[in-house]
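Please examine the sequence and the three-dimensional structure shown below.

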Amino acid sequence: MSQQENTDELVATQTEGYKVGQKKDINELKELDANDESLNKWKASLGLTGTAEERFPDDKRSVIVQALVLKSEGREVVMDVSSPEAIQQLQTKPLVIKEGVDYTFKIRFVVQREMVTGLKFLQQIKRMGLTVDKMEVMCGSYGPKHEDQEREFPVNKAPSGMMARGSYTIRSKFVDDDNNSHLEWSWPMEIKKEWE
């Protein structure tokens, strides 16, 4: 299977009839319907009322993914995806999950410079080259903030049994309504009888 085919399987679903609105910069959004109380509350919830200092002024990206965090049975395993070097490091040691446990992921990211609409997290899990699971989670819209922003995903159950144990390849992607891919990476995972 080619790399292109693998990437094409990880495409966000499109809502029929939905059209992305015209892109507006932060100042335009702040001034938009300034006397509308409910709209002002919405803008405040997105962080559009103040002036957020850019956390990474030398980084031209508007969404900077910092980490993907696995949470299960009181454990929290942080996978650093903040740089190409950190992502490369993930390839050297698979994430081990105990079979049959409930687990969830949380993505940690920074939004700077502009409002980002319709962020989605996509994930594809493969075993021996075959897709065994896919996930698409709508994360929402976010305005720029200096602090990390987070979105926790629904709980999943790890497979169990002799046939489920073994190595998996996960491909993850963080995209928005404009089909901008903010980060796409692959990482190994293993299902084992016990945590390591």
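Which strands and which helix each supply at least two residues of the lining of the largest pocket? They are strand E2 (75-80), helix H4 (84-90), E3 and E10. Helices (H or I, at least four residues) and strands (E, at least two) are DSSP runs, numbered from the N terminus. The model is predicted: local features need pLDDT of at least 70, side-chain atom pairs count only at pLDDT 80 or more, and totals for chains, interfaces and linings use all residues. Residues are numbered from 1 along each chain as its sequence is written, and side-chain values use heavy atoms, with hydrogens and water left out.

A pocket is found on a 1 Å grid over the protein atoms alone, as an open set of points where a 1.4 Å probe fits, with protein on both sides within 12 Å along at least five of seven lines; lining residues have an atom within 4 Å of a point. The largest pocket holds about 290 Å³ of space, the volume being the space filled by probe spheres set on the points, which are joined across faces, edges and corners. Its lining comprises 15 residues, and Val-77, Lys-93, Pro-94, Leu-95 and Val-96 lie nearest the centre. E2 gives the most to this lining, with four residues. By class, the lining has 10 nonpolar residues (Ala, Val, Leu, Ile, Met, Phe, Trp, Tyr, Cys and Pro), three charged (Asp, Glu, Lys and Arg) and two polar (the others, Gly among them).

E3 and E10 also belong to an open sheet of five strands, in the order E3-E10-E9-E5-E6, with mixed pairing. Two strands count as paired if DSSP finds at least two bridges between them. Strand E3 (95-98) and strand E6 (130-142) each have a single partner strand, so one side of each is left without a neighbour in the sheet. E3 pairs with strand E10 (residues 181-192) in the parallel sense over four bridges, and Leu-95 stands opposite Met-189 in E10.

In the hairpin of E1 and E2, two residues lie between the strands, and Glu-73 takes a positive phi near 45°.
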